[in-house]
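Here is a short report for a reader new to this structure.

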Amino acid sequence: MIPLSWFLAVSAILFVIGFFGVLSRRNAIAILMGIELMLNAVNINVLAFWRYTQPENPAGLVWAIIVITVAAAEAAVGLALFIALYRLRTTVNIDEVDLLKG
Amino acid sequence: MVLQAIFILVALFTIGCALMVVLHRNLFISALFLIASFFGVAVIYVLLEAEFIAVAQILIYIGAIATLIVFAIMLSRGMMTGRTSPRNAQALWAGLGSVILGIALLYVVAYRVQWPVVQKDVPADAIARLGSALVGRYVIPFEVASVLLLAALIGAVMIAREKEV
């Protein structure tokens, strides 16, 4: 059987990669991709703990489904915002979007 | 032994694709690597014996979210080519912080905590249990999620539509 800590390690590495993507990219869509990577890492963690502590309890699976649902809603609204932003400013680079900067 | 080898291969594939997502200059190729990374995560779910979530991952992430991202990239064209740097001014500090956070997380995972693991098998009717839990004990989160999806659907249409004036 695969040790639990392997799953947690993969999840941690994936989370950190997504974190770096969110912090370092200029393009808003690339930032969204980083967020999706982080959500995937969280889901691996949730399912690993479900599998290795309470596999008979469906709460872990329900939790993972809710996370996927929220990720889908977040991606839809986020991309709609970026398209509206592109119409307004013809850019989706977040460091060029400074309408609210005093 | 075989399972461990498969896991290591899939994990390396997933992490490599994820690295390409955040490092590649061309946004479109980044999106393609993101799809490959989602596939790797789905295989990890299968290794965790969460088959339903693995199928949901392929349907929702690859079928819906990745398609949406590719659409958004194409609608905001001109951003795909690396004319300017894809990274912002704080990329160096972000990389440093991410590496430190990663080392800290791996240290905690590997050495600090003794996880209370039980050797139990997933019940054969796990998906049936999940279904009855979704309409039984967890019916409120289930309904809230459906309202959230409806709100996101209407909101996305309202935000992204052309204003007819």
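## The nonpolar core

The largest nonpolar core holds 70 residues. Those with the most contacts inside it are I29(A), M33(A), I44(A), L47(A), L79(A), Y45(B) and I69(B). The model is predicted.

Which elements give two or more residues to this core? In chain A they are α1 (4-24), α2 (28-53) and α3 (59-89). In chain B they are α1 (2-23), α2 (27-47), α3 (51-75), α4 (91-112) and α6 (139-160). The most comes from α2(A), which gives 15 residues. Chain B also contributes by domain: at least three residues of the core come from each of domain 1 (1-80) and domain 2 (125-165).

## A residue in the core

Take L47(A), one of the residues with the most contacts inside the core. What does L47(A) touch, leaving aside residues up to four places away in sequence? In chain A, the partners are G60(A) and A64(A). In chain B, they are Y45(B), L48(B), A50(B) and I53(B). Y45(B) is itself listed among the core residues with the most contacts.

## Chain B as a whole

Chain B has 6 helices and 0 strands. From the N terminus on, its elements run α-α-α-α-α-α.

How does chain B compare with a compact globule of 165 residues? Such a globule would have a radius of gyration near 15 Å, whereas chain B has 20 Å. The C-alpha atoms of chain B fill a box of roughly 60 × 40 × 25 Å along the principal axes.

Of the 165 residues of chain B, 25% count as buried. Among contacts in chain B with a separation of 6 or more, 55% join residues 24 or more positions apart.

Notes
Residues are numbered from 1 along each chain as its sequence is written. Chains are lettered from A and ligands numbered from 1 in the order in which they are written. This is a predicted model: local features need pLDDT of at least 70, side-chain atom pairs count only at pLDDT 80 or more; totals for chains, interfaces and linings use all residues. A nonpolar core is a set of buried Ala, Val, Leu, Ile, Met, Phe, Trp, Tyr and Cys residues joined through C-beta atoms within 7 Å. A residue is buried if 20 or more other C-beta atoms lie within 10 Å of its own, exposed if 12 or fewer, and partly exposed in between; C-beta atoms are placed from the backbone. Helices (H or I, at least four residues) and strands (E, at least two) are DSSP runs, numbered from the N terminus. Domain bounds come from an automatic or database domain assignment. Two residues are in contact if their C-beta atoms, placed from the backbone, lie within 7 Å. The radius of gyration is taken over C-alpha atoms; the globule rule is 2.2 Å times the number of residues to the power 0.38.
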